[in-house]
Amino acid sequence: MTSLSRIVADIAAEMAAAPDRGTPASYIPPLRDVDPTRFGIAVIEADGTQHLGGDADVPFSIQSISKVFTLTLALGTVGDQLWNRVGREPSGSAFNSIVQLETERGIPRNPFINAGALVVADILLGNHEPREVIGELLRFVRELADDDGITVDHVVAQAELTTGHRNAALAHFMAGFGTIENGVDRLLGTYVHQCALAMSCRQLAAAGRFLMARGINPATGRSVVSPQRARRINALMMTCGHYDGSGEFAYRVGLPGKSGVGGGILAIAPGHAAIAVWSPGLNAIGNSQLGTLALERLVQRTGWSVFDPT
Ligand code: DON
């Protein structure tokens with residue numbers, strides 16, 4: 001066993017036995033029913049070596065982690081014009097907060113809070129049909145992960161459509177400011193299907209590899225985004241990827257990371273690895289309790305940090 005495999009195995013064993021696992025999200029009913037004892041971790045190095053632990057091959061709802069992939073696609077479509085419609089500042093507010101939208105006149109703080117991700121989805125929709133956008137997103141993540149087994153969980157999407165009153169409020173509020181171009185129903189339909197992407201830790205880490213390798217997918221050698229864009233997406237993940245918990249995550253883990261209410265986190269150790277962890281129980285802010293702890297353990301033992309050149 002290499003030392004990294006040993007570290008991953010130790011983390012999986014510690015997390016399997018951890019007593020304080022947080023609480024699964026309940027506002028999207030199927031997420032509430034996921035087994036809280038699950039824990040998975042996948043670390044994929046630049047040369048493609050995979051280190052897997054626990055439930056690394058069990059698909060889960062990636063939810064807000066999808067916002068990294070939609071942002072990447074939207075930047076590819078409209079380039080920096082995207083920033084006319086959404087900001088790049090941490091919000092310091094909950095992921096589904098509406099408070100800043102009023103004073104900031106329908107321009108969300110960043111692309112990772114729900115309001116910002118709705119704007120990004122609106123950009124991707126353009127004049128397309130929702131199913132075309134979801135098809136493009138699926139093709140994109142399947143190609144990045146080199147895995148055609150990635151799917152959308154329609155039960156999760158449908159449930160969120162029924163219970164997603166806050167997102168409906170955000171979308172209508174922005175439509176009231178004229179900052180949304182598509183009809184609210186089309187937009188919400190697209191957004192909930194994007195969030196309902198089901199991926200395993202192994203698939204998610206594989207799909208994130210371009211962000212650890214200056215925008216190049218190390219598996220194919222093909223450029224996904226420019227080096228500058230990869231750096232900037234990482235910067236946004238670092239500053240905004242955990243919402244009002246982003247400062248704490250930077251302090252504890254020191255890597256760009258994006259969380260989802262399904263309990264997943266995608267983290268990037270530039271030059272070293274793409275990492276995905278999953279445990280359904282969330283902390284008070286809505287980020288994976290054990291996922292965060294697992295990443296903290298990983299960086300303690302590897303020394304990986306964007307604040308340290310080693
Ligand atoms: O819009 C929502 O509320 C969910 N589909 C996604 C939220 C989410 O994952 C927040 N992340 N921690």
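Predicted model: local features only at pLDDT ≥ 70, side-chain atom pairs only at ≥ 80, totals over all residues.
Residues are numbered from 1 along each chain as its sequence is written, and side-chain values use heavy atoms, with hydrogens and water left out.

Helices are DSSP runs of H or I with at least four residues, numbered from the N terminus. Their axes are lines fitted to C-alpha atoms over the stretch in contact, and angles between N-to-C directions run from 0 to 180 degrees.

Helix H3, residues 66-78, packs against helix H5, residues 114-125, at an angle of about 45°, and the two axes are 9 Å apart. That angle makes H3 oblique to H5; angles under 35 degrees count as roughly parallel, over 145 as roughly antiparallel, 65 to 115 as roughly perpendicular and the rest as oblique. H3 passes H5 in a left-handed crossing, a term for a near helix turned anticlockwise from the far one by less than a right angle, right-handed being the clockwise case. On the H3 side, Lys67, Thr70, Leu71, Leu73, Ala74, Thr77 and Val78 meet Asn114, Ala117, Val120, Ile123 and Leu124 of H5, where contact means heavy atoms within 4.5 Å. This contact of H3 with H5 has eight nonpolar, three polar and one charged residues. Here Ala, Val, Leu, Ile, Met, Phe, Trp, Tyr, Cys and Pro count as nonpolar, Asp, Glu, Lys and Arg as charged, and the others, Gly among them, as polar.

H3 also packs with helix H11, residues 227-240, at an angle of about 140° and with the axes 11 Å apart. H3 is therefore oblique to H11, and H3 passes H11 in a right-handed crossing. Val68, Leu71, Thr72, Leu75 and Gly76 of H3 make the contact with Arg229, Ile233, Leu236 and Met237 of H11.

Another pair is formed by helix H8, residues 165-177, and helix H9, residues 184-195, whose axes come within 10 Å and cross at roughly 135°. Asn167, Ala168, Ala171, His172 and Ala175 in H8 meet Val184, Leu187, Leu188 and Tyr191 in H9. The residues of this contact divide into seven nonpolar, two polar and no charged.

Tyr191 leads on to the ligand, as Tyr27, Gln63, Ser64, Glu160 and Tyr191 come nearest of the 15 residues around the ligand, each having a heavy atom within 4 Å of it. An N or O atom in the side chain of Ser64 is 2.6 Å from an oxygen atom of the ligand. The side chain of Tyr191 likewise has an N or O atom 2.6 Å from a ligand oxygen atom. For Val261, a backbone N or O atom lies 2.8 Å from an oxygen atom of the ligand.

Terms used
Helix = DSSP H or I, 4+ residues; strand = E, 2+ residues; numbered from the N terminus. Polar contact = N/O pair within 3.5 Å; in protein donor to acceptor, adjacent residues only side chain to side chain.
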